[in-house]
Amino acid sequence: MTAVRVPGAPIISDGRLVSTSPATGAEVGRLPVAAGDDVARAVERAREAAGWWAGLGFTGRRERLLRWRGVLARRIEELAELMHAEGGKPVPDAIVEVLTAIEHIDWAARNAGRVLRPRRVRSRLILAEFTGHLEYQPYGVVGVIGPWNYPVFTPIGSTAYALAAGNTVVLKPSEYTPVVGQWLVDSLAEVVPEQPVLTAVHGLGDVGAALCRSGVNKLAFTGSTTTAKKVMAACAETLTPVLLEAGGKDAMIVDSDADLDAAAEACVWGGLTNAGQTCIGIERVYAVEPVFDVFVGKVVERAGRLTVGADGSDIGPITMPGQLDVIRRHIDDALARGGRAVLGGAEAVQPPYVRPTILVDVPEDSLAVREETFGPTLTINRVRDAEEAITRANALPYGLGGSVFGRRRAVAIARRLRSGMAAVNSTLTFAGMSTLPFGGVGESGFGRIHGEDGLREFGRPKAVTRRRARSLLPAMTFERTPADVARLVKVTKLLYGRRR
């Protein structure tokens, strides 16, 4: 095995993408880098396979996707170990990630027919002689650009739903976790050997850009807000529709009647799991004055028990080496502006690891509050009441998820968060619930994966009308008479003109 100068940083050698462990620098795998022509050929092969895949119908696709689900379930430890080796994720966290992905494959396969099959839609007065039908047709080929922080759960959140809807998929895994992405492709090919319904193209950002311009019929992207804007601009050149799940800076609100033990436990999990490298991770906490000190103490006590290291630890390495500089800069800026580290601090950054860091009294204009940190850090600030907490939580342009702990007002507070998702008395739970849509607002992107909305995201709605009888109130024809128009006016006034 070959060590590299920067553990975890992808390099290209002899036309192959070399993936290494961020903890040890050990080589995990090598995959061929796709040139622009390679991407185009992959999309063309997927397009040729799309007709066959769509032709299987919901029943045929369901049977094959459930077999794929079975492969992942039987080999869950193997995949988790690979995720640990390539991205540094602790094996127990990787197992939970794969389990969640399995749940989504299962739900998408079992429910695609119910959600997307053709159905009759009632007509209204002006076209009472017609019936309406609605169906969702596959787009054809869907491009998926996946992230490194959840290299199984996140791409499957798009891929499984796109496949269930009748599309084929070309996946561009992150260059930091390409071997995991290829594993997913190969595992589906074991149960669907007939056609390349899921293929992968590997490389750096230029390969992702090529996929955007390759002629895919829709593209789903997960990553930073900055890159999401580039993806959208590239897709705009050909009016390729996009689904974007971008950055987040999710907030937790702790109200005065919260269960503080439960809130602290969830806060530590929501903020520090996966070394804080979670788009929906809690990064900001606003606790009301009466419970602030006790809550902070409980968070510090729990976070301080977490272990950090390569194997068998609660928190693994930072997967992307460059993120260490961002985390260090955010901590330094918070401390320079008057914030206090009640756990960790500047010395917590020890590459490739970052020890848990809890910051309090951090000004709202600091980097640690306003920008995505993506590390095992939390800012916890004191607020007068829930109203001030809501105002601060909604002050940023991001709007992915959020969390509220409390009893009497918790649900009402959650509804007022400017976010696509919110959890009450828990954190991150909306991601694992396959029946709910997942996505954000503002600079956190748009479009939805998961749930019924996620299935519809990968089906093009097609409206069909059919005449079923002679027109009693002919409206849309040059053959209508003045008497016909008079009857239309009379009926309209009778039905809709009444004062309420």
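Helices (H or I, at least four residues) and strands (E, at least two) are DSSP runs that are numbered from the N terminus. The model is predicted, so local features need pLDDT of at least 70 and side-chain atom pairs count only at pLDDT 80 or more, while totals for chains, interfaces and linings use all residues. Residues are numbered from 1 along each chain as its sequence is written, and side-chain values use heavy atoms, with hydrogens and water left out.

**Exercise 1. Find where Asp-14 lies and describe its phi.**

Begin with the place: Asp-14 lies in the loop between strand S1 (11-13) and strand S2 (16-20). Then turn to the backbone, where Asp-14 has a positive phi of about 55° although it is not a glycine. As background, most residues other than glycine have a negative phi, and most peptide bonds are trans.

**Exercise 2. Describe the peptide bond that joins Pro-351 and Pro-352.**

The bond is cis, with an omega of about 5°. As for its setting, Pro-352 is found in the loop between strand S14 (349-350) and strand S15 (353-354).

**Exercise 3. Describe how helix H2 and helix H6 cross.**

Two packed helices are described by the angle between their axes and the distance between the axes. Here the axes of H2 (residues 57-74) and H6 (residues 178-191) come within 9 Å and cross at roughly 125°; axes are lines fitted to C-alpha atoms, for helices over the stretch in contact, and angles run from 0 to 180 degrees between N-to-C directions. Angles under 35 degrees count as roughly parallel, over 145 as roughly antiparallel, 65 to 115 as roughly perpendicular and the rest as oblique, and H2 and H6 are therefore oblique to each other.

The next step is the contact itself (heavy atoms within 4.5 Å). H2 contributes Arg-64, Arg-67, Trp-68, Val-71 and Leu-72, while H6 contributes Trp-183, Leu-184, Ser-187, Leu-188, Glu-190 and Val-191. By class, this contact of H2 with H6 has seven nonpolar, one polar and three charged residues, where Ala, Val, Leu, Ile, Met, Phe, Trp, Tyr, Cys and Pro count as nonpolar, Asp, Glu, Lys and Arg as charged, and the others, Gly among them, as polar.

**Exercise 4. Describe the largest pocket and its lining.**

On a 1 Å grid over the protein atoms alone, a cavity is a set of points where a 1.4 Å probe fits but cannot get out, and a pocket is an open set with protein on both sides within 12 Å along at least five of seven lines; lining residues have an atom within 4 Å of a point. Grid points are joined across faces, edges and corners, and a volume is the space filled by probe spheres set on the points.

The largest pocket holds about 980 Å³ of space. Its lining has 39 residues, of which Trp-148, Phe-221, Gly-223, Ser-224 and Thr-227 lie nearest the centre. Two or more lining residues come from each of helix H7 (205-212), strand S9 (218-222), helix H8 (225-236) and helix H11 (323-336), and H8 gives the most, with six residues. The lining divides into 17 nonpolar, 14 polar and eight charged residues.

**Exercise 5. Describe the largest cavity and its lining.**

The structure holds five cavities of 30 Å³ or more, and about 100 Å³ of space lies in the largest cavity. Of the 14 residues that line the largest cavity, Ala-251, Arg-284, Ala-393, Gly-401 and Arg-418 are the closest to its centre. By class, the lining of the largest cavity has five nonpolar, five polar and four charged residues.
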